[in-house]
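Please read it beside the sequence and the model.

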Amino acid sequence: MSTITAPNVKNTGKKGNLVEMNWDPITRIVGSLGIFTKIDFENRTVAECHSTSSIFRGYSIFMKGKDPRDAHFITSRICGICGDNHATCATYAQNMAFGIKPPPIAEWIVNLGEAAEYMFDHNIFQDNLVGVDFCEQMVKETNPSVWAKAQSTPAPHAADHSYKTIADIMTALNPFSGSFYLEALQMSRMTREMFCLMEGRHVHPSTLYPGGVGTVPTVQLFTDYIVRLMKYVEFMKKVVPFHDDLFDFFYDALPGYEEVGRRRILLGCWGSFNNPDVCDYTYKNMTNWGRHMYVTPGVVVDGELVTTDLVEINLNIRILLGSSYYDDWQNAQTFVTHDPLGNPVDQRHPWNQTTTPRPQKRNFDDKYTWVMSPRWYDKRTGDYLALDTGGGPIARFWATALAGKVDIGYVKSTGKSVKIYLPKTATKGEVEFEWKIPKWSNAIERDRARTYFQAYAAGCALHFAEQAMKELHAGRTRTWTDFKVPDEAIGCGFHEAVRGVLSHHVVIKNGKIANYHPYPPTPWNANPRDSFGTPGPYEDAVQNTPIFEENGRDKFKGIDIMRAVRSFDPCLPCGVHMYDGQGQILETRHSPMFGLES
Amino acid sequence: MPPEAIPYGRKTQRPSPVAEVHVVWMTAGLGCDGDSVSITAATQPSIEDIVLGAIPGLPKVHVHNPVIAYENGADFLKYWYQAEKGELDPFVLVVEGSIPNEKIKKDGYWAALGTDPNTGQPIPTCDWIDRLAPKALAVVAAGTCAAYGGIHAMEGNPTGCMGLADYLGWEWKSKAGLPVVNVPGCPVQPDNFMETLLYLLYQVSGLAPMIPLDDQLRPTWLFGRTVHEGCDRAGYYEQGDFAESYGSPKCIVKLGCWGPVVNCNVPKRGWMNGIGGCPNVGGICIGCTMPGFPDKFMPFMDEPPGGKLSSSAVSVYGSAIRTLRSFTNKTVNKEPKWRHGGRELTTGYRPSSY
């Protein structure tokens, strides 16, 4: 376990020219993201970074006054790659607000659908979007010496994935021509078929409802899912060693690469996959059923598991402004003064947020983005922590590993690692993988965790399918619980969107939505400097990034910055824009990096 | 293989008269990128079928979409600037997301793509549409947001957003004489979009006539029939047999399905590779392909008001039909009486030789 409290900050004290380099838009992510940096080429480091998103849609505004039953259909449309995570999270909040519990088979069907979403989404993002940053074409253009070394470096796990050298792995990742790129794209379709079996349509599901699902549980439904799942399990036996070889090579080929995208270990996970034996969707039992999720909720600070209690996680969420285009709501209406357990609820909590947009010119010294700044209040220290999700998997694994709660045959938390057991498949024997807590929260480890989590999701799906078929064989096939919408209620849903924490908070008055605030992972990751001046995670991670790219200023691609940003799996309907135009020298001065004068 | 080795092929197979076509795909409307993600699921044709030239007769296609692009930042946006200058000719402009109204406020932007090098300010999506639409061979709205406004244009929305044809004008024509082509769906059904793109590429190559569109500018072969007409649960409707609870395999119109009046082929085509869909797999049709979406279909989980009358009428007739059919069903579930063991043949054949 790592106990590092702050990443290494090197300050050589040399004079450096700061050059403004911007990338707008950053591609191969979902949504609109701009990254604006000041780079010190002499010291080969990023001195400053601002992250900006250029889209505003206003869900929290137009949902007011709507029927609360419509919330999951509407909020699915927040995101075009993980809309189902929103729909699912919304049904969790609806279930709480309406006071209902779906039948167990419905819960297993949702878990199977969500597992397929992780299997699909991590796969396509890792191998068709992130993978391009590590492909032959990109590495040749940015680090020719690394390409040369890759050609003479045998892949340690060649027997498992059949690519003889690291260079072969990189070639396989070339867009639209690499064999692995194309295979992954195909696989991302099969997993989406699995998803559609359970939730009807990708990416905005048709068969989810408050109270359960409309999916008809039949023998055929599970047969169709399981035969596809086992093909994916076989694929995983190749994919995990493939990525381990690639990522380990980068540490070897570029000593110090662990500093790319590194930030303090400040990770949040809100838990995923409810256990129907325990989960009753009541707020008062939330601590208990949260701890029975198959991905354990938790906050990890400097390598320490601070809490696994969803009630505590909930109450300490704070939405700060500072650099976002909105009016403050400190003096606006308070919708919820106390939670159902009698704990006071802060005015800056999502239940009490009032969203009032104020479009204006972009000014990096003042307001520069549509993203707000969610923080988690650490009552031990009084700090408003800029938690990140690390793109999802690293935070999920870290919390789950330390909590030591999950043990379902195919996946097991050991207290210091997470083990994944994959049974025999058509052409490959049984395999065990173990995700071990890494030394750093950095770009490579975020990416590595993503691959391991694909295998984890497959393992969980094997368990869920067994449980679902038990219900089916016992004849317990009812999938939906009827309900009445109460006049007054509050609800909250906690889930893991593919790229990290997701919460939905709803307030119902007069049978209609009075307030609704979803907090997806990207506001946590892509947010700007808050009212205390604390930068958001992308900004923070990029600001600490050393430059390994061999190109000079004229041909600079910013590949290390791209790898740092993409490791968070940005999704900016919940983005970063960089234009690497003609870099403009801003000023010549002592480089007061990170505020330290030498 | 040298051309002289395939003389018959020379007669029927010609290269496209247009050597190269660019697809400039803007996801910077008010959307979720769900339509871009959707097309990566398409298989009829797939994105790689188009990009790698797997279908004969088409030009070389270059797709510039931010979700899958190799390039970043300025390297990526250069295609936008080239298109604006007329250097990327011909190109098809695809727009995703609804078009915000930037005129209703004093300053700032609702949606933008890239940064103006002169001002340092974001370039509004509307500016890009103004710059590129006049230069495009065809303009395609991918998904309901771009087509008609969609979810982000719901009543009470702060951005005043709308569909592309609302923005450009419903009578707008491209320089090649095509109106806006709408492929609605929330998100767009993967193959519906790719097939429309394929059609336009055929048209560009002179291999297809003008794309047939209805008055809502939708391809007629995709949106000419209703959900109900293609739904494999319509038989339950005919028999007046309605689901009372989600999860039932019966017709779900009483649970909020708008299928009888919604133009969409999803139950027929499935969501991808024939799998999934909406009412065919237990999901109420919420009208997500329609110009009136979402407001005219909310609250989604109530029975559609017009539907009540027709489903009540069909209940009377349907239950009579159902009773009669159940007699017939019992009969056809029995094998004919001459299939039996024993020493006697009762099939009607009268053997004379054994």
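**Helix packing and contacts**

1. The crossing of H4(A) and H9(A) is left-handed, a term used if the near helix is turned anticlockwise from the far one by less than a right angle. Helices here are DSSP runs of H or I with at least four residues, and strands are E runs of at least two, numbered from the N terminus.

2. This is a predicted model, in which local features need pLDDT of at least 70 and side-chain atom pairs count only at pLDDT 80 or more, while totals for chains, interfaces and linings use all residues. Residues are numbered from 1 along each chain as its sequence is written, and chains are lettered from A and ligands numbered from 1 in the order in which they are written.

3. Helix H4 (residues 104-130) of chain A packs against H9(A) at an angle of about 160°, with axes 8 Å apart; the axes are lines fitted to C-alpha atoms over the stretch in contact, and angles run from 0 to 180 degrees between N-to-C directions. H4(A) is therefore roughly antiparallel to H9(A), as angles over 145 degrees count as such.

4. Between the chains, 73 residues of chain A are in contact with 66 residues of chain B, where contact means that C-beta atoms, placed from the backbone, lie within 7 Å. H9(A) gives the most to the side of chain A that touches chain B, with eight residues.

5. Leaving aside neighbours within four places in sequence, Val92(B) is in contact with residues including Val21(B), Ala136(B) and Leu200(B).

Notes. Two residues are in contact if their C-beta atoms, placed from the backbone, lie within 7 Å. Angles under 35 degrees count as roughly parallel, over 145 as roughly antiparallel, 65 to 115 as roughly perpendicular and the rest as oblique.
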